[in-house]
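Please keep the sequence and the 3D view open as you read.

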Amino acid sequence: MSLNGKYALGILLTFVFLAAAMLYAFPLIYSVTGVKAFTATNFLYTRLALWTVLLLIFLYNFFLEKHPFLLWKEKKYPILFYLKAIVSLYIISAFGGAFLNLIIQVFAQENVSRKVIQIASLFRNNYLLIISICLTAGVVEELLMRGYIQPRIEKIYNNQYLGIFVSAALFGILHSTYGTIGQVVIPFFIGIVFAVFYKLYSNIKILIISHFMYDFVSMMIMNFMDIKHLSAF
């Protein structure tokens with residue numbers, strides 16, 4: 001198999017494994033533990049499933065691709081650049097997401113995802129769970145969607161715009177498990193923003209921190225306010 005073929009298979013496996021973890025982790029955990037309830041412990045097990053996916057793709061990369069996991073070499077920047085980039089990414093994501101959510105509410109008038117409501121009830125004042133959710137999303141999703149998929153799409157098709165669009169589209173599709181339009185459109189928008197940043201600046205650490213911060217702030221707001229007026233990814 002050619003190197004591009006290995007890259008294509010790795011992208012397919014990444015998407016399939018992530019989709020399977022998001023769709024079937026709970027049923028599998030219920031059958032293994034015998035506890036058929038949406039509990040904090042069971043939810044933590046689903047986060048372990050996502051870390052397992054990351055491990056599997058790392059192993060695939062190491063044993064079959066035999067090339068760096070991050071095809072784009074990490075660039076180093078001054079601390080001030082990190083701070084400005086993280087704040088800027090948060091502001092763009094938060095305000096852009098809020099604007100899109102407003103448009104969706106006006107035209108679609110959809111309700112808040114039932115899954116988001118369930119999750120919010122679990123992490124109410126459970127700060128360890130909040131941190132674990134945000135850390136998992138930040139590390140796993142950025143390493144796989146931006147760090148792994150985006151550069152490989154670009155290399156396969158020799159098209160930077162396709163790398164940005166496809167990685168963002170897959171990011172949005174994976175969030176369709178939440179069952180609302182907003183939980184697809186907003187992650188797609190944020191995926192575009194993050195992918196453009198990664199193409200320009202090639203620093204996955206900034207994206208991981210930004211993703212963590214966006215989720216953490218969103219969840220802390222949901223922890224203290226009525227989540228029916230909020231949307232997080």
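Predicted model: local features only at pLDDT ≥ 70, side-chain atom pairs only at ≥ 80, totals over all residues.

## A residue between two helices

In which loop is serine 202 found? Serine 202 sits in the loop between H7 and H8, where helices (H or I, at least four residues) and strands (E, at least two) are DSSP runs numbered from the N terminus. Its phi is near 45°, a positive value in a residue other than glycine. Serine 202 is buried, with a relative accessible area of 5%; here buried means under 20% relative accessible area, exposed over 50%, and partly exposed in between, with a 1.4 Å probe and protein chains only.

Asparagine 158 also has a positive phi, about 55°, although it is not a glycine. Its place is in the loop between H5 and helix H6 (160–174). Is asparagine 158 buried or exposed? Asparagine 158 is exposed, because its relative accessible area is 72%. As background, most residues other than glycine have a negative phi.

Residues are numbered from 1 along each chain as its sequence is written, and side-chain values use heavy atoms, with hydrogens and water left out.

The chain averages a pLDDT of 90, and 95% of the residues score at least 70; pLDDT is the predictor's confidence in each residue, from 0 to 100. Over residues 228–233, the pLDDT is below 50. Beyond near neighbours in sequence, that stretch has 18 contacts in the model, a contact being heavy atoms within 4.5 Å.

An unreviewed UniProt entry gives the annotation "transmembrane region" to residues 7–32, 44–64, 85–107, 127–149, 161–178, 184–201 and 206–225. UniProt positions are given in the numbering used here, feature names are shortened, and annotations may be inferred rather than shown by experiment. In the model, residues 44–64 are 100% helix and 0% strand, with end C-alpha atoms 30 Å apart. For residues 206–225, the figures are 95% helix and 0% strand, and the end C-alpha atoms are 28 Å apart.

The unreviewed UniProt entry also carries the annotation "domain: CAAX prenyl protease 2/Lysostaphin resistance protein A-like", covering residues 126–217. That span is 87% helix and 0% strand, and its end C-alpha atoms lie 14 Å apart.

## Space inside the protein

How many cavities of 30 Å³ or more does the structure hold? There are three cavities of that size. On a 1 Å grid over the protein atoms alone, a cavity is a set of points where a 1.4 Å probe fits but cannot get out, and lining residues have an atom within 4 Å of a point. Grid points are joined across faces, edges and corners, and a volume is the space filled by probe spheres set on the points.

The largest cavity has about 320 Å³ of space. Its lining comprises 24 residues, of which Phe43, Arg47, Ile119, Ile133 and Tyr178 lie nearest the centre. Helices H1 (3–33), H2 (40–65), H4 (114–122), H5 (127–157) and H8 (204–224) are the elements that give two or more residues to this lining. By class, the lining has 16 nonpolar, four polar and four charged residues; Ala, Val, Leu, Ile, Met, Phe, Trp, Tyr, Cys and Pro count as nonpolar, Asp, Glu, Lys and Arg as charged, and the others, Gly among them, as polar.

Threonine 14 lies in helix H1 and is buried, with a relative accessible area of 0%. Leaving out residues up to four places away in sequence, threonine 14 touches Ile57, Leu144, Tyr148 and Ile149. Threonine 14 and tyrosine 60 are 46 residues apart in sequence, with C-alpha atoms 9.9 Å apart in space. Asparagine 42, in helix H2, counts as buried at 2% relative accessibility. With residues up to four places away again set aside, asparagine 42 touches Phe26, Ile29, Tyr30, Thr33, Val35 and Ala37.

In helix H7, valine 193 is buried at a relative accessible area of 15%. Leucine 200 lies in helix H7 (residues 182–201) and is exposed, because its relative accessible area is 53%. Leucine 200 and asparagine 223 are 23 residues apart in sequence and 35 Å apart in space, C-alpha to C-alpha.

How values were computed. 1 Å grid on protein atoms, 1.4 Å probe; cavity = no way out; pocket = protein on both sides within 12 Å on 5 of 7 lines; lining within 4 Å.
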